[in-house]
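Please read the following explanation with the sequence and the three-dimensional model at hand. The paragraphs lead from paired strands to a helix and then to aromatic rings.

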Amino acid sequence: MVFKSHMDKALAEARAAAERGEVPVGAVIVAPDGRVVSSAGNRTRELNDPTAHAEILALRAACAEAGSERLPGHDLYVTLEPCAMCAAALAAARIRRIYYGASDPKSGGVAHGARVFAHPQAHHKPEVYDGIAADEASDLLRRFFASQRG
């Protein structure tokens, strides 16, 4: 199978999140056969739920579709480095690969901060690829936060 990035769909979810007044982060989960099984954007404000990050919402939908709490062989595309909460959930779900766009030195949990997958208690360590459409993902975030400040 030829590699195909699904970051364009994740970016579309991030743009839709921004239009809803949410921090513009989008996520897509792809099955081993290359089929997109779920996609989501942040909905923390809309749902009044601090766990309603794009990754968590996409995981919930993909697990429901699979009929399992685990998603071996599935890949995640997300516009921002997952936070520690999302990284732990992704490990628990046994996601195969994570492709992310922008790094998050302040709140990231993969390459920054908690570095969840490097911890000895991590149940699973997915392959991680960063910098996928990083400029576009960073620009969405930068513009969103600039608009929030005034």
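Two strands are said to pair if DSSP finds at least two bridges between them. Helices (H or I, at least four residues) and strands (E, at least two) are DSSP runs, numbered from the N terminus. The model is predicted, so that local features need pLDDT of at least 70 and side-chain atom pairs count only at pLDDT 80 or more, while totals for chains, interfaces and linings use all residues. Residues are numbered from 1 along each chain as its sequence is written, and side-chain values use heavy atoms, with hydrogens and water left out.

The account may begin with strand S1, which spans residues 26-30. This strand and strand S2 (residues 36-41) run antiparallel and are joined by five bridges. Within this pairing, Ala27 has Ala40 of S2 as its bridge partner. The hairpin of S1 and S2 has five residues between the strands, and Gly34 there takes a positive phi near 90°.

S1 also pairs with S3, again in the antiparallel sense, over four bridges. Here Ala27 stands opposite Val78, and Val30 has Asp75 of S3 as its bridge partner.

How many of the five residues of S1 are buried? A residue is called buried under 20% relative accessible area, exposed over 50%, and partly exposed in between (1.4 Å probe, protein chains only). By this rule five of the five residues of S1 are buried, and the strand is mostly covered. In a regular strand the side chains alternate between the two faces of the sheet. In S1, Gly26, Val28 and Val30 point one way, Ala27 and Ile29 point the other way, and all are buried. As for S3, six of its six residues are buried, so this strand is largely enclosed by the rest of the structure.

The next pairing is that of S3 with S4, which is parallel and comprises five bridges. Asp75 has Arg97 of S4 as its bridge partner.

Helix H4 covers residues 84-92, and Cys86, Ala87, Leu90 and Ala91 are buried in it. Seen down the axis of H4, these buried residues fall within an arc of 140° (taken from the directions from the helix axis to the C-beta atoms), so they line one face of the helix. Their cover includes helix H3 (54-66), strand S3 (75-80) and strand S4 (97-102). Just after H4, Arg94 takes a positive phi of about 60°.

The aromatic rings complete the picture. Rings of Phe, Tyr and Trp (its six-membered ring) pair if their centres lie within 6.5 Å; planes under 30 degrees apart count as stacked, over 60 as edge-to-face and the rest as tilted. The structure holds three such aromatic pairs. One of them is formed by Tyr77 and Tyr99, which are stacked at 4.5 Å centre to centre with 10° between the planes. This pair links distant parts of the chain, since Tyr77 lies in S3 and Tyr99 in S4, 22 residues apart. Both Tyr77 and Tyr99 are buried. The rings of Phe144 and Phe145 have centres 5.2 Å apart and planes at 80°, so this pair is edge-to-face. Phe144 counts as buried because its relative accessibility is 6%, whereas Phe145, at 35%, counts as partly exposed. Finally, Tyr77, Tyr99 and Tyr129 form one aromatic cluster.

Note on methods:
Contact = heavy atoms within 4.5 Å.
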